[in-house]
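Student: I would like to learn how to read a structure like this one. Where do I start?

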Amino acid sequence: RLSLWANPLLGLLSLAAFALAAREIAGGRTASLASLFLAASAAQIWCVRFPSAEIAAQFLLCSGLFCLFRAIDDGGGAWALLAGICFAEALLALFTAALALPALLLISAAWDWRGRRRAGLLLLLPMAAGLLDQGLAGGVEQVAGGLGALILGLAGHGDDPLDLGQAHLLQ
């Protein structure tokens, strides 16, 4: 029964991470107001009511943004590494988090990289590893599905053993 509180707890943590990230770019009063609007939104209330990956991805993306803004302000490699790890974990939690990558790359492109090449690598390497892992997982899933269909076809559960289970798509 305690596990039922995991998603609401992550929802609270994601609100705190959102507030911290918003405070970095807009100040305390604006961050508080934006956090209040997020907490009262129908989508936020709906998503924290049941276990789903959306709230975990939201927490990781907001935490990553906070760490990225701190890395830009402080120039620290540790903040950049933590931001990259948060973004990579968000990709692993929910692949649609990849939709945020263009914005993250634009923020990173606006960053003055002179003298901070190490911090930039620490940001981008975990993100690249997360994307690579998602790509490999998708490829392995397709190959495994194709092999499974071939085995079923060869075992006589289909009309054509080389059909790979795709004939229903043509009808």
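Predicted model: local features only at pLDDT ≥ 70, side-chain atom pairs only at ≥ 80, totals over all residues.

Student: Which residue follows α4, and what is its phi?

Tutor: Gly75 comes next, with a positive phi near 75 degrees.

Student: Which residues have the most contacts inside the largest nonpolar core?

Tutor: The general idea is that nonpolar side chains tend to be buried together in soluble globular proteins. Here the largest nonpolar core has 18 residues, and those with the most contacts inside it include Leu68, Phe87 and Met127. Two or more residues come from each of α4, α5 (77-93), α6 (101-110) and α7 (117-157). Helix α4 gives the largest share, six residues.

Student: What does Phe87 touch?

Tutor: Leaving out residues up to four places away in sequence, Phe87 touches Leu61, Gly64, Leu65, Leu68, Leu104, Leu123 and Met127.

Student: Is Ser35 buried or exposed?

Tutor: Buried means under 20% relative accessible area. Ser35 counts as buried because its relative accessibility is 11%. Ser35 lies in helix α2, residues 28-40. Beyond residues up to four places away in sequence, Ser35 touches Leu15, Phe18 and Ala19.

Student: What is the mean pLDDT of the chain?

Tutor: The mean is 75, and 68% of the residues reach 70 or more. Over residues 142-154 the pLDDT is below 50, and that stretch has 11 contacts in the model beyond near neighbours in sequence. Residues 157-171 also have pLDDT below 50.

Conventions. Residues numbered from 1 in each chain as written. Heavy atoms only, no water. pLDDT = per-residue confidence, 0-100. Contact = heavy atoms within 4.5 Å. Helix = DSSP H or I, 4+ residues; strand = E, 2+ residues; numbered from the N terminus. Core = buried A, V, L, I, M, F, W, Y, C linked by side-chain atoms within 4.5 Å. Buried < 20%, exposed > 50% of the residue type's maximum accessible area, 1.4 Å probe, protein only.
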